[in-house]
Amino acid sequence: MNRLAQTALLFLLGATLLHAGTTDLYLRYVKEGLRPLVLLAGAVLIATAAATLWYDRRATPASAHDGASRASAPAHDHDHHREPRVSWLLTLPVLALILVAPPALGSYSASHTGTALTKPFGFPALPAGDTPLRLAVADYAGRAVYDDGRALRGRALKITGFVSLDRDGTPYLVRMGLNCCAADAQPVKIALSGDIPPVLRPDTWLEVTGTYTPRRTKDPVNNGPIPYLEVTTARPVPTPHDPYDETWNT
Amino acid sequence: MPSRTTRTTGGTGPVAITKTAPQDSGERADPGWGRGRGTDPGRDTGTDPAKEEGRHLNSALLLTLLLLTAVMFQDPIRGSLAAPVMQSWMTVFVAVMVQALPFLVLGVLLSAAIAVFVPPSFFARALPKHPALAVPVAGAAGAVLPGCECASVPVAGALVRRGVTPAAALAFLLSAPAINPIVLTATAVAFPGNPEMVLARFGASLLVACAMGWLWHRLGRTDWLRPPARASYEGQGKGAAFANSVRHDVTHAGGYLVIGAMAAATLKAVVPADWLGLAAGHPVLSVLVLAVLAVLLSICSEADAFVAASLTQFSLTARLTFLVVGPMIDLKLFAMQAGTFGRAFALRFAPATFALAVVVSALTGTVLL
């Protein structure tokens with residue numbers, strides 16, 4: 001890959017990162033906190049591409065025709081054997097992000113990974129009131145398993161997550177937790193009982209209203225605890241702004 | 001612009017190419033993806049300047065053609081990638097790239113700054129003369145590079161090129177991703193009930209890094225390291241040299257990062273998690289299994305503590321091994337080390353690091369945890 005192609009590739013890579021960082025696209029892959037770094041990296045790559053072109057232009061005018069440019073000739077010379085074809089692989093992430101933009105991890109990973117529920121540090125008091133209480137999947141699961149649902153009894157709860165079916169078709173409401181990027185994403189699962197919609201398609205986002213039930217099961221993958229939720233209503237909702245839960249263990 | 005670049009290079013290129021093509025590291029990194037092989041007709045062009053010119057034109061042209069073709073056939077491409085396994089594979093692949101690229105860029109900027117603005121004499125003054133003493137100093141200096149392992153490889157490469165003794169640069173390479181404040185804080189947050197985990201991770205990682213440095217000093221041979229041949233940026237202005245160094249390192253190390261990301265995505269998407277549970281009960285086996293898992297998963301060192309914390313069925317010692325091995329050697333790092341220092345180096349260095357890291361963390365775990 002020659003210098004010009006490399007410069008073009010750097011520019012494309014930088015533009016792709018900027019594109020991902022300025023839209024919500026990056027949230028499918030990395031945590032929100034990485035956004036400034038992603039944007040900065042994109043800007044640096046574009047600036048490098050621009051600087052390379054600029055220095056080349058400046059180095060060549062005196063010798064535009066016979067290529068006797070003293071300043072850049074050694075570097076060119078060197079490029080030939082130092083720039084291996086492995087650089088071509090950098091087109092893959094560019095194409096993957098621009099053409100395919102794969103979705104956030106969903107039911108496939110959830111059904112292949114055990115629930116990652118860990119004991120929370122504590123259980124802050126929940127706001128009182130009659131309206132259904134909004135809880136995160138991991139918050140409900142943590143309170144149900146490690147606090148025996150003490151603060152949850154007798155309250156209507158509203159939980160949002162996506163549907164995942166395990167091998168024998170048992171439905172779970174899942175949210176993937178994220179620490180850094182999707183490679184370390186892990187699911188927390190809630191099993192559903194009660195008034196479940198008759199047809200559940202994996203990866204559908206649902207807002208489920210229900211109540212606490214002491215019933216529990218074990219994750220077939222890693223024997224982790226999975227609490228049940230007694231469903232009263234469930235309605236499909238669009239994918240949230242950030243598909244991952246980034247709060248559950250930070 | 002293209003023709004101008006072509007002309008400047010056409011006259012001087014051929015000799016260099018034919019001489020050094022066999023040791024081109026792209027050669028070995030190009031096994032199965034076909035892309036490089038199929039798209040690089042310059043491989044067997046001879047010394048004929050006319051053909052050389054064609055090659056340079058082609059490289060940029062091919063990139064354009066490749067992108068246009070991909071855009072034209074985007075529907076079939078998307079269709080063939082619709083299976084859940086492929087989707088999940090691509091998500092993890094893109095995620096590793098998006099997450100690692102900023103840190104790679106950070107490391108590359110730092111390495112370019114070292115290469116261009118820091119004179120070699122600085123390191124000669126900053127580090128103790130004797131290599132055996134320089135190793136722990138460099139290892140401890142790893143604590144100030146706030147990044148993950150992708151940043152440390154180009155920086156270590158720049159250090160070697162600036163005349164730092166390889167033993168010290170390697171100690172830095174191994175310790176930097178594991179003992180910096182960000183990673184240690186993440187560890188403390190992930191293991192709220194076991195603060196000794198932070199101490200164990202710090203101690204074991206620094207120990208392994210120094211031990212590997214000393215081992216290299218005793219047994220290492222310079223000819224295993226790829227000679228630090230590198231564009232001497234002397235003839236150019238500082239700005240041009242800086243831009244060239246960044247461009248070179250990003251396209252070079254970035255390519256290897258892609259290989260590592262693909263390997264990690266494959267393992268994450270394909271390997272079922274169930275078989276992990278089988279090994280958890282056995283004290284020795286569990287340590288080995290988590291060590292291997294750390295290598296295969298290639299998780300960023302800033303996030304691995306959270307993954308380790310969730311592997312609750314394993315002992316603390318086994319999880320410490322996961323945390324010590326992961327930042328020092330994994331698939332992504334191996335590919336990048338092979339790219340920066342040469343394959344002969346990586347093939348010797350990686351297994352030794354792995355073995356030493358497992359032994360040291362098992363011992364540390366037995367004493368501290």
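Biologist: Which residues of H10(B) and H12(B) meet?

Modeller: On H10(B) they include Leu170(B), Leu174(B) and Ile179(B), and on H12(B) they include Phe202(B), Leu206(B) and Trp214(B). By class, this contact of H10(B) with H12(B) has 16 nonpolar, four polar and one charged residues.

Biologist: What makes Arg201(B) of that contact count as charged?

Modeller: Arg201(B) is one of the residues of H12(B) in the contact. Arg is listed with Asp, Glu and Lys as charged, so Arg201(B) falls in that class.

Biologist: What is the relation of H1(A) to H2(A)?

Modeller: Helix H1 (residues 3-22) of chain A and helix H2 (residues 35-59) of chain A pack at an angle of about 155°, with their axes 8 Å apart. That makes H1(A) roughly antiparallel to H2(A). The crossing of H1(A) past H2(A) is left-handed. Among the residues in contact are Leu10(A), Phe11(A) and Gly14(A) of H1(A) and Val38(A), Gly42(A) and Ile46(A) of H2(A). The contact of H1(A) with H2(A) has 15 nonpolar, six polar and one charged residues.

Biologist: How many polar residues does the contact of H2(A) with H6(B) have?

Modeller: Residues of H2(A) such as Leu37(A), Val38(A) and Ala41(A) meet residues of H6(B) that include Val98(B), Leu101(B) and Pro102(B). By class there are 11 nonpolar, no polar and no charged residues.

Biologist: Which spans of chain A are listed as "transmembrane region"?

Modeller: An unreviewed UniProt entry lists residues 36-55 and 86-105 of chain A. In the model, residues 36-55 of chain A are 100% helix and 0% strand, with the end C-alpha atoms 28 Å apart. Residues 86-105 of chain A are 50% helix and 0% strand, with the end C-alpha atoms 28 Å apart. The UniProt record also gives "domain: DUF1980" for residues 145-244 of chain A. That span is 2% helix and 51% strand, and its end C-alpha atoms are 21 Å apart.

Biologist: Which spans of chain B carry the "transmembrane region" label?

Modeller: Those listed in the unreviewed UniProt entry include residues 167-191 and 345-368 of chain B. Residues 167-191 of chain B are 92% helix and 0% strand, with end C-alpha atoms 33 Å apart. Residues 345-368 of chain B are 100% helix and 0% strand, with end C-alpha atoms 33 Å apart.

Biologist: Where in chain A is confidence lowest, and where highest?

Modeller: It is lowest in helix H3 (residues 73-82) of chain A, at a mean of 42, and highest in strand S2 (residues 157-165) of chain A, at 94. Over residues 63-82 of chain A the pLDDT is below 50, though the model gives this stretch 44 contacts beyond near neighbours in sequence. Where pLDDT is low, the predicted coordinates should not be read in detail.

Biologist: What are the average pLDDT values of chain A and chain B?

Modeller: Chain A averages 85, and 89% of its residues score at least 70. Chain B averages 78, and 79% of its residues score at least 70. In chain B, pLDDT stays under 50 over residues 1-54. The model scores ipTM 0.88 and pTM 0.76.

Note on methods:
Residues are numbered from 1 along each chain as its sequence is written. Chains are lettered from A and ligands numbered from 1 in the order in which they are written. This is a predicted model: local features need pLDDT of at least 70, side-chain atom pairs count only at pLDDT 80 or more; totals for chains, interfaces and linings use all residues. UniProt positions are given in the numbering used here, feature names are shortened, and annotations may be inferred rather than shown by experiment. Helices (H or I, at least four residues) and strands (E, at least two) are DSSP runs, numbered from the N terminus. Axes are lines fitted to C-alpha atoms, for helices over the stretch in contact, and angles run from 0 to 180 degrees between N-to-C directions. Angles under 35 degrees count as roughly parallel, over 145 as roughly antiparallel, 65 to 115 as roughly perpendicular and the rest as oblique. A crossing is left-handed if the near helix is turned anticlockwise from the far one by less than a right angle, and right-handed if clockwise. Two residues are in contact if their C-beta atoms, placed from the backbone, lie within 7 Å. pLDDT is the predictor's confidence in each residue, from 0 to 100.
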